[in-house]
Amino acid sequence: MSNSTIGIGLLGMGVVGTEVARNLVLKAGRLAQQAGVTLELKGVVVRDVSRIRDSAVPARLITADARAVVDDPGVQVVVELMGGLRPAYDYIRMALSQGKHVVTANKEALATYGSELVGLAEERQVSLLYEASAGGGIPIIGPLHKDLLANETSSIHAIINGTTNYILTRMSQEGTSFQEALVQAQELGYAEADPTNDIEGTDAAYKLAILSSLAFHTPVTGGDVYREGISRLAAVDFRYAGELGYAIKLLAIARREDSALSLRVHPCLVPQEHLLAKVDGVFNAIEVEGDLVGRVVFHGRGAGPKPTASAVLGDILEAARSIAEGRKPPRRAALDNGLRMLPIHDLVTQYYFRVTVADRAGVLAKIATVLGDLNISIASVIQKASDEASQTAELVIMTHPAREAHVREAVGRMRGLDEMVEVSNVLRVEGRV
Ligand SMILES: NC(=O)c1ccc[n+]([C@@H]2O[C@H](COP(=O)([O-])OP(=O)(O)OC[C@H]3O[C@@H](n4cnc5c(N)ncnc54)[C@H](OP(=O)(O)O)[C@@H]3O)[C@@H](O)[C@H]2O)c1
């Protein structure tokens, strides 16, 4: 095959793959102009070949034989859109080993085996491009690779899971419960039948690992990211947070603390005036802070067939151009900062406690003693609601910055107080965003 035509092998034709395949066929002329070379779809891999597929994609190209497509000598760029760790990772590896360029949107494979795959691509002098793996259609991998490279990054604060942001927005704006909001998200196709990876923060942790490796020049895997999901949140937490001037968001946070990196995904109180507090519904936003650039925010659609295809097609064009021009892909910046991962127990931040106590004199003093003994200083206490029948009261306590290990110890000690009915929720407050 001459360099005036580049063969594309597509692994997966689901939500994203279908949109990518349609564009490769229907916009072939325009894409050829952009790439300076014709892109030819040579094979499309699915699990179930009997299903009726998009009519724009020639049926003769569709196969269940992924190996045949990866091994096809006419395929120079393998586009992996199957998702999941295996067999996707094996096919990416196979393609790179054969000296083929790879484009993927697979956050799980990259957050688990990213260093190895990047190393293999460099060894074989081919591109491994993954713009769609974090932030969907939002350009963020490219800017971290190139435009922001001269910066020392101090932090990333991101809303990078549209499903959970949609659920939290409904809970906040309509006072619905977590379960109701989840069902609405599923009905609208924003949440999968099994939403565990989204609501437990796993998906966001994979994406944070990918972004942090690039931003902090240190290899990070999904397992390095501490995570808590959103299922413990109650409608009342949104109300109280709102009264205190905060929104509640599932944030993915990476912060450099000297020679360590704090990496976490958890629900968090965010000041209402901050940009991230205003990112609602299925939208995503990623704020990066660097020593030269200051704070920059990337905002847009983090998922969906068209935005994700936009990122995948951009990567395909980049790979095709480098092949057509006979260029070697640029070497990636070294991941040699050697930052250690800060355990969650060493985190210092502000906290919000919602507790239910017996409505008796002296209870507040006892709570203050527990907190004071552990160096946790109270910023404010508000009695939110008293229940005459049960003689209980709900309190919201905001603290000054405290150490996570001390906060966990305090929760245990508070639970031991006779007057404590329930420690209903403890949330971190991200005051510095
Ligand atoms: N959906 C989004 O909005 C979005 C956004 C950003 C990134 N991504 C990422 O993009 C990738 C694709 O996501 P998607 O939503 O398009 O997934 P999807 O709708 O589940 O599609 C997966 C496709 O891969 C095929 N496939 C899966 N396992 C296979 C196997 N073992 N052998 C052969 N074919 C197999 C499926 O075949 P069948 O059609 O026969 O089932 C299907 O065509 C994932 O890595 C995902 O994380 C998705």
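Biologist: Which residues is Val 20 in contact with, if we leave aside its neighbours within four places in sequence?
Modeller: Val 20 is in contact with Leu 10, Val 79, Leu 81, Ala 309, Val 312 and Leu 313, where contact means that the C-beta atoms of two residues, placed from the backbone, lie within 7 Å. Please keep in mind that this is a predicted model, in which local features need pLDDT of at least 70 and side-chain atom pairs count only at pLDDT 80 or more, while totals for chains, interfaces and linings use all residues. The numbering of residues starts from 1 along each chain, as its sequence is written.

Biologist: And how many residues does the largest nonpolar core have?
Modeller: That core has 128 residues, and Val 20 is among those with the most contacts inside it, as are Leu 10, Val 79 and Val 312. A nonpolar core here is a set of buried Ala, Val, Leu, Ile, Met, Phe, Trp, Tyr and Cys residues joined through C-beta atoms within 7 Å; a residue is buried if 20 or more other C-beta atoms lie within 10 Å of its own, exposed if 12 or fewer, and partly exposed in between, again with C-beta atoms placed from the backbone.

Biologist: Which helix gives the largest share of this core?
Modeller: Helix 10 (residues 202-216) does, with 10 residues. Helices (H or I, at least four residues) and strands (E, at least two) are DSSP runs, numbered from the N terminus.

Biologist: Switching to sheets: in what order do the six strands of the open sheet come?
Modeller: The order is 3-2-1-4-5-6, and the pairing is parallel, with two strands taken to pair if DSSP finds at least two bridges between them. Strand 3 (62-63) and strand 6 (128-129) stand at the edges with a single partner strand each, so one side of each has no neighbour in the sheet. Further in, strand 4 (residues 77-80) and strand 5 (residues 101-104) are joined in the parallel sense over four bridges, and Glu 80 stands opposite Thr 104 there.

Biologist: What about strand 7, why is it largely enclosed?
Modeller: Five of the seven residues of strand 7 (residues 153-159) are buried, so the rest of the structure largely encloses it. Strand 7 pairs in the antiparallel sense with strand 11 (residues 283-290), over six bridges, and Ala 158 has Ile 286 as its bridge partner there. Strand 7 also pairs in the antiparallel sense with strand 9 (residues 246-257), over four bridges, where Ile 156 stands opposite Ala 254.

Biologist: Now the ligand, which residues are closest to it?
Modeller: The closest are Gly 12, Gly 14, Arg 47, Gly 83 and Ala 303, within a shell of 25 residues; a residue counts as near the ligand if its C-beta atom, placed from the backbone, lies within 6 Å of it. The shell has 13 nonpolar, eight polar and four charged residues, where Ala, Val, Leu, Ile, Met, Phe, Trp, Tyr, Cys and Pro count as nonpolar, Asp, Glu, Lys and Arg as charged, and the others, Gly among them, as polar. Helix 1 (residues 15-26) gives the most to this shell, with three residues.

Biologist: How is the chain divided into domains?
Modeller: The division is domain 1 (5-137 + 305-324), domain 2 (159-300) and domain 3 (344-429), with bounds that come from an automatic or database domain assignment. The C-alpha centres of domain 1 and domain 2 lie 28 Å apart, and their contact takes 13 residues from domain 1 and 14 residues from domain 2. On the domain 1 side, helix 5 (residues 107-124) gives the most, with seven residues.

Biologist: Where does Asp 258 lie, and is it buried or exposed?
Modeller: Asp 258 lies in the loop between strand 9 and strand 10 (260-271), and it counts as exposed because it has 8 C-beta neighbours inside 10 Å. Its phi is positive, near 55°. Asn 375, in the loop between helix 13 (363-373) and strand 15 (378-387), also has a positive phi, of about 65°.
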